[in-house]
Amino acid sequence: METQELHRGRLIDHIQLVVSDLAASQAFYKAVFEVLKIPMGGTGEDYFWADELFVSTADSKAAQGQLTGRHHLAFQSQDKAMVDAFYKAALAHGGTDNGAPGERQYHPGYYACFVLDPDGNNIEAVFHGEARRSAPSVKVTF
C-alpha cells in the first residue's frame, strides 16, 4: 500500500456526495478547489475526492444506487479575496448564484458566498475574519 497523506479537522472524517453528472461535478469542484488551494486527492471511473469530500456516481459501490439529495457544505477561505475568487470560479464552471459574496449577520467578520453546484447542493465559501491558527491543518500519514 502506498503512503497516503490527509489533512483533517476535528469533526468531519468525510462526506460523500452522489451526483447525477460526475464530469460536471468534477469540473465544478476542481475549479473551486484550485481557488481554495486544495489539491484533488484522486479520481476513478465513478468517483473523485479531495480531503474530506468524496464524490461518486449512483453506480458506484459506495453509493448503493442512490443520489444523496441537497446538502449544505461550507469551505474555509483564507481571506475575502479567496471567497470572491471562489464565487467567480463556481459560476464559470456550472455553479448557480445562491448568495453573492458579502458580510453575513452570523457573527462580526463573517464574509461568505453561496452557490449551487450542478446537483443543487448549497456550497459556501466563508472567511471568518482575521484569526491565528495553531497549525494550517492536522496532517495524518498512513
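Because the model is predicted, local features need pLDDT of at least 70 and side-chain atom pairs count only at pLDDT 80 or more, while totals for chains, interfaces and linings use all residues. Residues are numbered from 1 along each chain as its sequence is written, and side-chain values use heavy atoms, with hydrogens and water left out.

Helices (H or I, at least four residues) and strands (E, at least two) are DSSP runs, numbered from the N terminus. Helix 2 covers residues 80-92, 13 residues in total, and spans 19 Å from first C-alpha to last, close to the expected 18 Å (1.5 Å times one less than the number of residues). At its N-terminal end sits D79 as a cap, with a side-chain oxygen 3.3 Å from the backbone nitrogen of A81. That is a polar contact by the definition used here: a pair of N or O atoms within 3.5 Å, where, within protein, one must be able to donate a hydrogen and the other to accept it, and residues adjacent in sequence count only if both atoms are side-chain atoms. Just past the helix, G94 adopts a positive phi of about 95°.

M82, V83, F86, Y87, A89 and A90 are the buried residues of helix 2 (buried means under 20% relative accessible area, exposed over 50%, partly exposed in between, with a 1.4 Å probe and protein chains only). They pack against helix 1 (22-36) and against strands 6 (72-76), 7 (96-97), 9 (111-116) and 10 (122-127).

Elsewhere, four strands make up an open sheet with mixed pairing, in the order 2-5-4-3. Strand 2 (15-19) and strand 3 (42-44) are the edges, each pairing on one side only. Strand 2 runs parallel to strand 5 (residues 53-57), the two being joined by five bridges, and I15 lies opposite L53 in strand 5.

The loop between strand 9 and strand 10 holds N121, which is buried at a relative accessible area of 1%. Its side chain reaches the backbone nitrogen of H71 at 2.8 Å. Setting aside neighbours within four places in sequence, N121 is in contact (heavy atoms within 4.5 Å) with L17, G69, R70, H71, V115 and L116.

Searching the whole structure turns up two salt bridges, counted when a side-chain nitrogen of Lys or Arg lies within 4 Å of a carboxyl oxygen of Asp or Glu. One joins E34 to K30, with the closest N and O atoms 3.4 Å apart; both residues lie in helix 1, four residues apart, about one turn of the helix. E34 is exposed at 54% relative accessible area, and K30 is partly exposed at 43%. E103 and K80 form a salt bridge too, with the closest N and O atoms 3.0 Å apart. Here E103 lies in strand 8 (residues 102-103) and K80 in helix 2, so the pair ties together parts 23 residues apart in sequence. E103 is partly exposed at 44% relative accessibility, as is K80, with a relative accessible area of 37%.

Key. Pairing = 2+ DSSP bridges.
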